[in-house]
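Me: I would like to work through this structure in questions and answers. Please show me the sequence and the model.

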Amino acid sequence: MNAPVYIVDGARTPFLKSKNTPGPFAASDLAVQAGRALLLRQPFAPSDLDEVILGCASPSPDEVNIGRVLALRLGCGDKVPGWTVMRNCASGMQALDSAIANIQCGRSQLVLAGGTDALSRAPLLFSDAMVQWLSGWYATKTVGQKLAALRGFRLGFLAPVLGIVKGLTDPVVGLMMGQTAENLAWKFGISRRTMDEFSAESHLRVTAGRAAGHYGEIVPLVDSKGNVYAEDDGVRTDSTPDKLGKLRPVFDKPYGSVTAGNSSQITDGAALLLLASEEAVKRWNLKPLGQITDSEWAGLDPAQMGLGPVHASTPILQRHGLGLNDVDAWEINEAFAAQVLGCLAAWEDETYCKEQLGLDKAMGTLDRSKLNADGGAIALGHPVGASGARIVLHVLHRLQSGQKGIATICIGGGLGGAMLVEKS
Amino acid sequence: MNLNHWKLERDADGIAWATLDKAGASTNILSADVLVELAQLLDECDREPPKGLIFRSGKAAGFIAGADIEEFARLDSAESARALVARGWDLYNRLAAVRYPTLALVRGHCMGGGTELSLACRYIVAVDEPSTKMALPEVMLGIFPGWGGMKRLPERVSPPEALDMMLSGRNIDARKAKRMGLADECAPPRVADATARGLLLSGRPRKSRPLLHRLMNGPLKFFVASQARKQVAKRARPEHYPAPYAIIDCWAKHNGNALASPEFVDSIVRSATAKNLVRVFFLQDRLKAFGKESAVAARHLHVVGAGVMGGDIAAVAAMRGLTVTLQDQSLERVAAAIGRASKLYERRIKDKLLRRSALDRLIPDPEGHGAARADVVIEAIFEDLEAKRDLLAALEAKMKPDAVLASNTSSLRLEDIATTMKNPARLVGIHFFNPVAMMPLVEVVEAKGADPEMLARAAAFVRQIDKLPLPVKSAPGFLVNAVLGPYMLEAMRCVDEGITAETVDEAMLAFGMPMGPIELADTVGLDIAFAAGKQLAEGAEPPRCLAERVGRNDLGKKTGKGFYVWTNGKPAKATAERVEPGLANRLVTPLIDRTRALVDAGIVADADLADAGVIFGTGFAPFTGGPLQYARDQKRS
């Protein structure tokens, strides 16, 4: 039996949809604003933390060890180590898992962990051809050489490469993430209409969740011009399947079915949690929200990465002798509607469960009311590094005392991550 | 050789290092004995010339803070004034003429005579640190840089820049010093010594100056001087502040040698303006000393109320390194305050990362968690007795037992708002002036029975954020607002009598005020002036012109119309009529009388502090030395 790990508290920024221009906050700005509000309400000082661990899939070149940047900017002082983890879409969940490991082995008592990403600030890169040309240009010494180099220049070299597209393309099988979702739609026969219905439902659930006060986890952002960003701004309260049905597919053009409307949004945001050992809880007289009782990572075919949650959470269920509906609340990160629906279909598919999960029958049907009850990334957005931490925090907020929840996420490159939490 | 203040060491390369570490002082000042020893040091170098001579400081605080102002204040004759100027002028000329190379290694503050010492060296290396600041601030004391500054600075940097530096007294940081050619190198501390050594032994001639600079220091001098006179005229009238005009003339006519014109030194150095400005300088030190009565340094400030005052207090404190939580029921107001802070930091903090740190330290706190952590809590909410009572009681319950609890109230009695507190003795007033970032004075208000330790901590906090604390007793309007009231009231009575607002304002501008009383009323807000007037006037009728405007809701700058029509933050003023002689005197008399009455009533401890408070709190013409000093001088003449 491992030592218990407590979630003391958590906070996140609103998720701000990318408007095709660099957003108002750098990734570290986002984490700082969530982190300082979170730390302010604790009975201990930032310098009492043992470490800060931050997941970030695309830290900008000037803050690659963004975890350390965060620790220093939060006023933790020189002596609190800060580091950064990267597991693509589960970077924030990886940060939590790394904190758990350090707490359980006794290295740390009190850890600030989570994730952040400012995808709107993903860089534009020079093309390989431009880089080649530039390196030649820098090597020229004489006027003749310079003229020769200029003659070799082509305007096409200037076409930038979108960093975000590179980041969202599988480097081994070469598929864009949206294309892996098309694979799942094809494999399980998920229709475009079903995806759009799921997506509209996500928006409606967020709208209802807000009205019911289920988004207390949000700390408003304030920019240096004095503007307030209080809510996730990608949510469409008037979304309907019919409206979504009008969008054109973006990945497998023109006859695919994955659109911008039934995919998660490209977004900036940060989510942070405070994790503590039993000793720290006693020392500071903390009132934890709950515990993380188990976690699991799994690998699968990168071309079907969207089924990662099935592979990561099934072993947890088995270890704890739980069926799908014995868990009181589920968060499956909504990278794509086809991908979440694919996970549900996989659990219902006897062949898949037998062949891929080694079960002797299908897992069954997950009660949809337990799943993403307050909506998900299709409406809120998916600031890659932050999402894994957000769903762990949110599932905990949805539970009653003594209840169990699972937060699970698919990961580009063919991985899945899952965490089992229990409300105190 | 036996030196008290200097240390002269020769290293293996034959370089002589002259380290100034003034005995018995925390900062280096160039008192007479320090200069005598400097001459001895040069004698020693004459006897055995070094490969080069480097001046540096042995103090952590900085390089050299300038001449000894106390010696200056003691000057009692034209001869002694001349002798003081000659002492430095001759010695620095001697230094400038030595045959071996010389270098000033400037780290930290380098003011006045320190900058002139550096200018007499062949090379200057400025250490690249935020604390490194070079300046010739003599003009702020009503005098001039007479130890060679007026001669050598325009020879080293572009003459217009040199004049600007001498006429404004402005600080130049290490990077700027290098950019403008004042310093030859700007080096980080880690390579400062190596840079000094390398440059000294390089044999490198000083960079030749652009032709234009040489022309401006030669044939074009008079043109440059007349431009500079025009610039100065916008800021200071010659009858109030003769020194800047004297600096320009001395450079243009005498190549910076103040001794060339015998009557010149005395007319400036022993002028009433210089005497009063030096007095103000010492008064400023007296105010600063109030901050030293407690050694407790605050780390966290919590401010409740993110309006103009609260928001700006928070912004200034975060800029000075404190962690600040800013609480308000409206997050939008907190955000607006952060927007204003960000603009302030753009102006005041050059380094982008330091600017970001300041903003990181300014934390929106709508739920008020910061109160429990803070070392100082200031309430700056709207002036409502019940609201403040509830708030203070709630804050007291949350706060650390030894934290300072303060109110920024200007119109309510501290004794009244403390009634709901468990320990009312704990409450102090920390009263700021608008705009907080600009106004140097903060009144630290003592209510009846207040805890002296809390007052001392409050004053220390005020110093920590680089403001000047003035202890005052709790009374309506404290010092500053109480003396402004009758002054502005009298100004409005003049308007009631038919004198135009422009004329009233011009009378006081000519007197030396930074802003006329009517424009001041418009800026403060006529509703606020009306309410304050009622509180302070003890039943007297408010001026008709004020009551009418308040009745029409013409409240001044904020509504775009008051006594003046305001566009883009500026009043449209007609030309003033001829100012009747005696008008300024009529206007300033109620201010002087009230100041004296407040001293007599013990609201402020003594007349000198009252003068300091009125100068730093209202901008009252500093060259007069303050209202009471002015009244004394008037009586005498």
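Me: How many Å separate the centres of domain 1 of chain B and domain 2 of chain B?
Reply: This is a predicted model, where local features need pLDDT of at least 70, side-chain atom pairs count only at pLDDT 80 or more, and totals for chains, interfaces and linings use all residues. Residues are numbered from 1 along each chain as its sequence is written, while chains are lettered from A and ligands numbered from 1 in the order in which they are written. Chain B has domain 1 (6–270), domain 2 (300–474) and domain 3 (481–636), with bounds from an automatic or database domain assignment. Taken over C-alpha atoms, the centres of domains 1 and 2 of chain B are separated by 41 Å.

Me: In what order do the 6 strands of the open sheet in chain B stand?
Reply: Strands (E, at least two residues) and helices (H or I, at least four) are DSSP runs, numbered from the N terminus. Two strands pair if DSSP finds at least two bridges between them. In this sheet of chain B the pairing is mixed, and the order is S1-S2-S3-S5-S7-S10.

Me: Which strands stand at the edges of that sheet?
Reply: An edge strand here has a single partner strand, so one side of it is left without a neighbour in the sheet. From one strand to the next, the twist averages 20°. The edge strands are S1 and S10 (185–187) of chain B.

Me: Which residue of S2(B) stands opposite B:Arg10?
Reply: Strands S1 (residues 6–10) and S2 (residues 15–20) of chain B run antiparallel, joined by 5 bridges. They form a hairpin with 4 residues between them, and B:Gly14 in the turn has a positive phi of about 85°. B:Glu9 stands opposite B:Trp17. The residue opposite B:Arg10 is B:Ala16.

Me: What is the bridge partner of B:Ala16 in S3(B)?
Reply: S2(B) and strand S3 (residues 52–57) of chain B run parallel, with 6 bridges between them. In S3(B), the partner of B:Ala16 is B:Leu53.

Me: Which residue of S9(B) is the bridge partner of B:Met134?
Reply: Look at the open sheet of 4 strands in chain B, ordered S4-S6-S8-S9. Its edge strands are S4 (62–64) and S9 (172–173) of chain B. Strand S8 (residues 133–135) of chain B runs antiparallel to S9(B), with 2 bridges. The partner of B:Met134 is B:Ile172.

Me: How is H21(B) oriented to H22(B)?
Reply: Axes are lines fitted to C-alpha atoms, for helices over the stretch in contact, and angles run from 0 to 180 degrees between N-to-C directions. Helices H21 (residues 501–511) and H22 (residues 517–524) of chain B pack at about 110°, with axes 7 Å apart. Under 35 degrees counts as roughly parallel, over 145 as roughly antiparallel, 65 to 115 as roughly perpendicular and the rest as oblique. So H21(B) is to H22(B) roughly perpendicular.

Me: How many residues of chain B are in contact with chain A?
Reply: Two residues are in contact if their C-beta atoms, placed from the backbone, lie within 7 Å. On the chain A side, helix H1 (residues 27–40) of chain A gives the largest share, 3 residues. Chain A brings 13 residues to the contact, and the count for chain B is 16.
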